[in-house]
Amino acid sequence: MTKKILLTSFEVWLSDQLSNSSDDLLLEVIKLDSLPHDLKFLRRLPVDIHLASSQVIQKISELQPDYIICSGMAASRTKLSLEAVASFESTVLPTSVNLEKLVTGATNIEISHDCGKFVCEGLYYAVLNHLCQNQLPTPCIFVHVPVLNSENLPTVLADFLLIINNLALS
């Protein structure tokens, strides 16, 4: 049985940005069109915590995915970063996914405990909180994507596909 996986990305947020690497990565996944999973894309979310969160939560209710992979751009990072937790004020919510197991076989992924203090963490927290409050067992992770270029794209894409496949097998 194929697993339904919701993948999200953000729109650009600075005027000098031509694209958002999280969305660029999802475009590369779409181009493959050969994965054995039922991938559902919610691309180019607004860079606004409340708007982005409400769109993702609405899509979760509509699709009832087996897994959720949210992604955002992290221009200061050089590899994919899986976020272990999201926090809001003094509340910290961890992902239910065993990230160490998830990255088995990866070549260039780090596990991070700092989702930043921008829209990425706000979205991740809102989704994890929604899942918790509604007692939904859907595993959710957040992946920060470095700026993509011709040198790192093959490795980043391979590691991202590994994450998708490992998550679907968990």
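The largest pocket of the predicted model has a volume of about 240 Å³. Pockets were located on a 1 Å grid over the protein atoms alone, as open sets of points with protein on both sides within 12 Å along at least five of seven lines, where a 1.4 Å probe fits; lining residues have an atom within 4 Å of a point. Grid points are joined across faces, edges and corners, and the volume is the space filled by probe spheres set on the points. The model is a prediction, in which local features need pLDDT of at least 70 and side-chain atom pairs count only at pLDDT 80 or more, while totals for chains, interfaces and linings use all residues. Residues are numbered from 1 along each chain as its sequence is written, and side-chain values use heavy atoms, with hydrogens and water left out.

The lining of the largest pocket consists of Ile49, His50, Ser53, Ser87, Phe88, Gly116, Lys117, Phe118, Glu121, Gly122, Tyr125 and Ala126. Two or more lining residues come from each of helix 2 (49–63), strand 5 (85–88) and helix 4; helices (H or I, at least four residues) and strands (E, at least two) are DSSP runs numbered from the N terminus. Helix 4 gives the largest share, 4 residues. By residue class, the lining divides into 5 nonpolar, 5 polar and 2 charged, where Ala, Val, Leu, Ile, Met, Phe, Trp, Tyr, Cys and Pro count as nonpolar, Asp, Glu, Lys and Arg as charged, and the others, Gly among them, as polar.

The second largest pocket has a volume of about 180 Å³. Of its 15 lining residues, Met73, Ala74, Phe118, Cys120 and His144 are the closest to the centre. The lining of this second pocket comprises 9 nonpolar, 4 polar and 2 charged residues.

Glu121, one of the residues lining the largest pocket, is placed in helix 4 (residues 119–133). Glu121 counts as buried, at 5% relative accessibility; buried means under 20% relative accessible area, exposed over 50%, and partly exposed in between (1.4 Å probe, protein chains only). With residues up to four places away in sequence not counted, Glu121 is in contact (heavy atoms within 4.5 Å) with Val85, Ala86, Ser87, Cys115 and Gly116.

The structure holds 0 disulfides, a disulfide being a pair of cysteine sulfur atoms within 2.5 Å. Cys115 is in no disulfide, and the nearest cysteine sulfur, that of Cys120, is 6.0 Å away, which is too far for a bond. Cys115 is buried, with a relative accessible area of 3%, and Cys120 is buried at 6%.

Helix 5 (residues 153–169) has 17 residues, and its end C-alpha atoms are 24 Å apart, in agreement with the 24 Å that it should span at 1.5 Å a residue. The expected span is 1.5 Å times one less than the number of residues. The buried residues of helix 5 are Val156, Leu157, Asp159, Phe160, Leu161, Ile163, Ile164, Leu167 and Ala168.

Most residues other than glycine have a negative phi. Gln64, although not a glycine, has a positive phi of about 50°. Gln64 lies in the loop between helix 2 and strand 3 (67–73) and counts as exposed, at 62% relative accessibility. Glu89, also not a glycine, has a positive phi of about 55°. The loop that holds Glu89 is between strand 5 and strand 6 (91–94), and Glu89 counts as exposed at 73% relative accessibility.
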